[in-house]
Amino acid sequence: MSEEEGRVLKQEADYTKDVDSALPQAASMAQAADMTSTSRILVHIVAMCFEQQAWDKMVDSIVMLIKRRGQLKKAVTDMIQKVCDFIQESPDKATKVKMLETVRNITAGKIHVENERARLTRELARIWEEDGDVSGAAEVLQELQVETYGTMERREKVEFILEQMRLCLAKKDFIRAQIISKKISPRFFKDEDTHDLKLKYHNQMLQLAANENSYLEMCKHYRSIYETPRVKEDKKAAQAAFESAVLHLMLAPYDSEQADLVARVSTDPMLEDMTEIKELLSVFTTNEITSWSSVESRFGQFLNHTSAFGNAVDGQKQLATLRDRIIEHNIRVITMYYNRMHTDRLAQLLELSQEEAEQYLSKLITLKTVYAKVDRPAQVVVFQPKPKAKDILNNWSHNVGELMTLVDKATHLIQKERMVHQV
């Protein structure tokens, strides 16, 4: 007789003697290297414990069988695999957690059951997360270095790593999540049967990039999502991913990589169906000055309904960043057409005060995006570097050489005409 949750249960059978009698047989079979029989009897021992719901006896038997000297590894692996199945049928959560922790502890450091231990750890982390202990779940799962497991399939490894990343992101541990993400190579997602993991990976990487305000990386991840075949089949999902990619590309600071991506995106056929995005992108692809006030009045309502700008808090931040990018684009355009300019005229073209215009210009000069020198007493900005004496001399020599070539050619033509007239 036993009590469980206030109820009195009648024990219908007692296999304790059978289990105890089978233990010496397991030892003799292991010594004889009879792998098949040893495996069968080890599985039979834990099966009898499960039939009797004798979980404590099962734990004691597992500990004794695993620690026994000369025990066959294949037999232990078969037994642990069977125990994993029995754990899923535990009568209550407390028993399940106890069994998970016990089996994890006794299998620690044993390579032949590392896959089973990893799966049990993942199940334990899931239970802890459901109970609200996200930090504990993340820590227990981070103990596993599944990338070093030789017998685990590659897809299952990636699933474990993605789960580790998810738990790190859930507890706002972005640094560790970034480190864990390096364990996954994007080349793994080339096969079509891995595209479900590809989408999960890029969605998690988007959270990392958003935390660091790395708009160019966010654009790359959205483009990877957009280029996934199963996403392209859904036109609505494809447009949403492409729209987010273009918007975050426009928010990214200007450099050679960003300019190259703008050129690629501007030729994508998807733009033909997205008029607002196409017109907004043209602001950055044409060498013309565009005022922020006109952009805000024309596209403000549209941007407020997009995923990148729709958030009440982040949306204002993104709008401010977009304004900065448009002003920086206008400064680059000005440097293409002007050699020098008064600061008040520069501020007028940018629709800023002189102090703000100088701040934006100084930022681009520091980043070496443009070349400029500001003469504050004269209130003049020079956009072309002063030529060096060596460069001036080289240009003079080149021009003189071209002039002498033209003189020789003209002399030859004159002599040719004289010879023709003499004949």
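Colleague: Before we start, what are the ground rules for numbering and confidence?

Modeller: Residues are numbered from 1 along each chain as its sequence is written, and side-chain values use heavy atoms, with hydrogens and water left out. Since you asked about confidence: in this predicted model local features need pLDDT of at least 70, side-chain atom pairs count only at pLDDT 80 or more, and totals for chains, interfaces and linings use all residues.

Colleague: OK, helices then. What makes helix 4 and helix 5 roughly antiparallel?

Modeller: Their axes cross at roughly 160° and come within 10 Å. Axes are lines fitted to C-alpha atoms, for helices over the stretch in contact, and angles run from 0 to 180 degrees between N-to-C directions. Angles under 35 degrees count as roughly parallel, over 145 as roughly antiparallel, 65 to 115 as roughly perpendicular and the rest as oblique. Helix 4 (residues 73–87) and helix 5 (residues 93–106) cross at roughly 160°, and are therefore roughly antiparallel to each other.

Colleague: And why is helix 15 called oblique to helix 16?

Modeller: Helix 15 (residues 275–285) and helix 16 (residues 292–304) pack at about 140°, with axes 11 Å apart. That angle makes helix 15 oblique to helix 16.

Colleague: Which hand does the crossing of helix 15 and helix 16 have?

Modeller: Left-handed. The term means that the near helix is turned anticlockwise from the far one by less than a right angle; clockwise would be right-handed. Helix 4 passes helix 5 in a left-handed crossing too.

Colleague: How do you know what counts as a helix or a strand?

Modeller: They are DSSP runs, numbered from the N terminus: helices are H or I with at least four residues, strands are E with at least two.

Colleague: What about Ala47 and Tyr222, buried or exposed?

Modeller: Ala47, in helix 2 (residues 35–51), has a relative accessible area of 16%, so it is buried. Tyr222, in helix 11, is at 17% and therefore counts as buried.

Colleague: Why does Ser214 get its label?

Modeller: Ser214 has a relative accessible area of 22%, so it is partly exposed. Ser214 is placed in the loop between helix 10 and helix 11. C-alpha to C-alpha, Ser214 and Arg323 are 17 Å apart in space and 109 residues apart in sequence.

Colleague: What is flagged about the phi of Lys368?

Modeller: Phi of Lys368 is positive, about 60°, although the residue is not a glycine. Lys368 sits in the loop between helix 19 (354–366) and strand 4 (373–375), and at 75% relative accessibility Lys368 counts as exposed. Gln379 also has a positive phi, near 55°, and is a residue other than glycine. Gln379 lies in the loop between strand 4 and strand 5 (380–382), and its 39% relative accessibility makes Gln379 partly exposed.

Colleague: Last one: what makes a pocket a pocket?

Modeller: On a 1 Å grid over the protein atoms alone, a pocket is an open set of points with protein on both sides within 12 Å along at least five of seven lines, and lining residues have an atom within 4 Å of a point. The second largest pocket has a volume of about 260 Å³, a volume being the space filled by probe spheres set on the points, with grid points joined across faces, edges and corners.

Colleague: Which residues line the second largest pocket?

Modeller: There are 13, of which Ala210, Met218, His248, Asp314 and Gln318 lie nearest its centre. Helix 10 (195–211), helix 11 (215–226) and helix 17 (312–337) each supply at least two lining residues.

Definitions and conventions: 1 Å grid on protein atoms, 1.4 Å probe; cavity = no way out; pocket = protein on both sides within 12 Å on 5 of 7 lines; lining within 4 Å. Buried < 20%, exposed > 50% of the residue type's maximum accessible area, 1.4 Å probe, protein only.
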